[in-house]
Amino acid sequence: MRTHPHADDGRDCQQVVRHLATVVFPWDTTRALELALFRSFASARIGGLLHATGEFEMRPQKRYDDTDLIVSEIIENGFDSRRGQRAIERMNELHARFRIANEDFLYVLWTFVFEPLRWNERFGWRRMSDGERLAWFRFWREVGERMQILGIPASLADFAAFSREYEKRNLRPLAACRQVALATREMFAGWFPAPLRPLVRRSIHALLDAPLLLALDLQPAPRWLQWTVEAALRGRARLLRWLPRRRRPKLRTRIARAAYPCGYEIASLGPVAAPRAACPAAPAADRAVAAGELAVAQRGFDG
C-alpha cells in the first residue's frame with residue numbers, strides 16, 4: 001500500500017499530517033477529533049471549567065467552529081508557518097485567561113493523538129504506517145511544546161501510560177461534565193433533520209467506549225445499534241478501498257460558517273470575537289467561501 005513519500009522517515013511530520021488529515025483521511029480525522037472533545041469533557045476539571053464558561057452550552061456551534069478553525073489552521077499550514085504560529089498564539093491567549101493545570105493540557109493533547117489513531121485502527125480504509133503514526137505523534141508533541149506544555153512524554157507508549165493514570169484520577173461522573181457533553185451532542189444532532197436526531201444521539205453513544213460513557217453519565221447505545229454503527233463504518237472503509245483516491249486536499253478552513261459569513265481572522269476566533277455589522281472585504285489569506293455558498297448542515301460531514 002502506497003503511503004505519503006515522507007511517511008516513513010519522520011523528517012517532516014507537518015507535511016505527513018497535512019496529507020493524512022486533508023487528503024487521505026479528511027472525514028475520519030474530523031470524526032475522530034469530535035470524539036476527542038467528549039474524552040476531554042469527561043475530565044472533572046476540564047469539563048467543570050468548560051461548564052463554568054458556558055460557551056459549549058450557550059454557543060456550542062460557534063465554540064465548535066472556533067476550535068475547528070484553530071486546529072485546522074495548524075494542521076493545514078503547519079506549526080512553523082505564519083498562520084500556524086498565529087493560531088497557536090491565539091489558542092495560548094484564550095487559555096491564559098484561566099488557571100489550567102499542566103496535566104490537563106497534557107491530557108487534551110493526548111486526545112488529539114489518541115482518538116485519530118484509534119479511529120484509524122477501527123475504521124480506516126487503510127491502516128496508517130508506523131511512520132505515519134509516529135509523525136502524527138511528533139506533530140502534536142511539537143504543537144504541545146509551542147503551547148508551553150511541560151513534560152510531554154517522549155513516546156506513544158509513555159503518553160498512553162500517562163493517560164491511563166490521569167483517567168484513573170480525574171474521570172468521574174459530574175453533572176457539569178455531563179451537561180457540556182449533552183450540549184455538544186445536541187449540536188451534532190442538530191445538523192440532521194429532526195426525525196433522525198434520536199438515532200444520531202444514540203449513534204454517538206455507540207462510538208464512545210464504556211469508561212467514557214460512565215464518566216459522562218451517558219447511557220450505552222443498544223447492542224444492535226453499536227453493531228450497526230460499527231458495521232456501517234467498516235463497510236464504508238471497504239468501499240473506499242475501491243473508489244478513486246482523493247487528489248486534492250479537503251480544507252476545513254474553506255468551509256462556510258454561519259458564525260463567519262464574511263470570513264474570519266485568526267485573532268477574532270474565540271469568545272471575545274465581536275460581530276461585524278457589515279461584510280468588508282477580508283484579506284485573501286483569511287477569506288472563507290462566500291456567504292451564498294453556506295451549507296451549514298454539511299459543516300461536520302464533508303467527505
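Helices (H or I, at least four residues) and strands (E, at least two) are DSSP runs, numbered from the N terminus. By that rule the chain has 13 helices and zero strands. This is a predicted model, in which local features need pLDDT of at least 70, side-chain atom pairs count only at pLDDT 80 or more, and totals for chains, interfaces and linings use all residues. Residues are numbered from 1 along each chain as its sequence is written, and side-chain values use heavy atoms, with hydrogens and water left out.

Start with the whole chain. Of its 303 residues, 49% count as buried. Buried means under 20% relative accessible area, exposed over 50%, and partly exposed in between (1.4 Å probe, protein chains only). Now take contacts, meaning heavy atoms within 4.5 Å. Among contacts between residues at least 6 apart in sequence, 76% join residues at least 24 apart.

Next, the inside. In soluble globular proteins, nonpolar side chains tend to be buried together. A nonpolar core is a set of buried Ala, Val, Leu, Ile, Met, Phe, Trp, Tyr and Cys residues joined through side-chain atoms within 4.5 Å. The largest one here has 81 residues. Phe-38, Phe-41, Ile-74, Phe-139, Trp-140, Phe-159 and Leu-216 touch the most other members. The helix α7 gives the most to this core, with nine residues. Look closely at Phe-41. Leaving out residues up to four places away in sequence, its partners include Leu-50, Phe-56, Val-180 and Leu-216.

Now follow α5, residues 60-77. Because 13 of its 18 residues are buried, α5 is largely enclosed by the rest of the structure. Just after α5, Gly-78 takes a positive phi of about 90 degrees.

Work on a 1 Å grid over the protein atoms alone: a cavity is a set of points where a 1.4 Å probe fits but cannot get out, and a pocket is an open set with protein on both sides within 12 Å along at least five of seven lines; lining residues have an atom within 4 Å of a point. Grid points are joined across faces, edges and corners, and a volume is the space filled by probe spheres set on the points.

The largest pocket holds about 820 Å³. Its lining has 36 residues, and Leu-50, Arg-63, Thr-67, His-95 and Val-108 lie nearest its centre. Which helix gives the largest share of this lining? It is α5, with six residues.

There are also two cavities of 30 Å³ or more.

Among the lining residues are Phe-25, Asp-28, Pro-116 and Trp-119.
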